Amino acid sequence: MGVPGLIEAYGGAAQAALENAELVEKTMMERYQVVGHFESENEYYKITKQMGLKIINHTYNLSEFNSIFEVRKQQADEAVIKIKEKRLFTITPII
């Protein structure tokens, strides 16, 4: 077969792989945990709705709510700033 034959064979295989490949789009997401008092919960919900944040989990204890939300990576900084501006919540990234 020789070098030219191998080049042709590999080139054909690569071309066939590219033609049959499926393009998969993946959105990079980040998750954050927010803790706040019951009195500020409505304010938190306003922000999640306004920013299009997806609440993954939301629980309560005696005096606080604990919420985990997901956001697109490119929107994460803006969402965190918006939540911190209220000075009503603690927010922590989930790694």
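This is a predicted model: local features need pLDDT of at least 70, side-chain atom pairs count only at pLDDT 80 or more; totals for chains, interfaces and linings use all residues.

Colleague: Where is Tyr45 found, and how accessible does Tyr45 count as being?

Modeller: Helices (H or I, at least four residues) and strands (E, at least two) are DSSP runs, numbered from the N terminus. Tyr45 belongs to helix 2. For accessibility, buried means under 20% relative accessible area, exposed over 50%, and partly exposed in between (1.4 Å probe, protein chains only). At 31%, Tyr45 is therefore partly exposed.

Colleague: Which residues of helix 2 are buried, and which are exposed?

Modeller: The buried residues of helix 2 are Glu41, Tyr44, Ile47, Thr48 and Met51. Viewed down the axis of helix 2, they fall within an arc of 120°, so they line one face of the helix; the arc is that of the directions from the helix axis to the C-beta atoms. An α-helix has 3.6 residues a turn, so residues three or four places apart point the same way. Asn42, Lys46, Lys49 and Gln50 are exposed on the other side of helix 2.

Colleague: Against which elements do the buried residues of helix 2 pack?

Modeller: Their partners are strand 1, strand 2 (54–60), strand 3, helix 3 and strand 4, where contact means heavy atoms within 4.5 Å. Just after helix 2, Gly52 has a positive phi of about 70°.

Colleague: Which residue has a positive phi although it is not a glycine?

Modeller: Arg87 does, with a value of about 55°. Arg87 sits in the loop between helix 3 and strand 4 (89–94). With a relative accessible area of 76%, Arg87 is exposed.

Colleague: How many salt bridges does the structure hold?

Modeller: There are 4. In one of them, the side chains of Lys73 and Glu30 meet at 3.1 Å, N to O. This pair links distant parts of the chain, since Lys73 lies in helix 3 (residues 73–85) and Glu30 in strand 1 (residues 29–37), 43 residues apart. Lys73 is partly exposed at 46% relative accessibility, and Glu30 is partly exposed at 22%.

Colleague: Which residue does Glu70 meet in a salt bridge?

Modeller: The partner of Glu70 is Arg31, at 3.1 Å, N to O. Glu70 in strand 3 (residues 64–72) and Arg31 in strand 1 stand 39 residues apart, and their pairing links distant parts of the chain. Glu70 is buried, at 14% relative accessible area, whereas Arg31 is partly exposed at 36%.

Colleague: Where do Glu43 and Lys46 lie?

Modeller: Both are in helix 2 (residues 41–51), 3 residues apart, about one turn of the helix. Salt bridges with shared partners join Glu43, Lys46 and Lys86 into one network. The side chains of Glu43 and Lys46 meet at 3.9 Å, N to O. Glu43 is partly exposed at 23% relative accessibility, and Lys46 is exposed at 53%.

Colleague: What pattern does the chain follow along the sequence, and what is its radius of gyration?

Modeller: The chain has 3 helices and 4 strands, in the order α-β-α-β-β-α-β. Its radius of gyration is 24 Å, while a compact globule of 95 residues would have one near 12 Å (taken over C-alpha atoms; the globule rule is 2.2 Å times the number of residues to the power 0.38). The C-alpha trace spans about 75 × 25 × 20 Å along its principal axes. Buried residues make up 24% of the 95 residues.

Note on methods. Residues are numbered from 1 along each chain as its sequence is written. Side-chain values use heavy atoms; hydrogens and water are left out.
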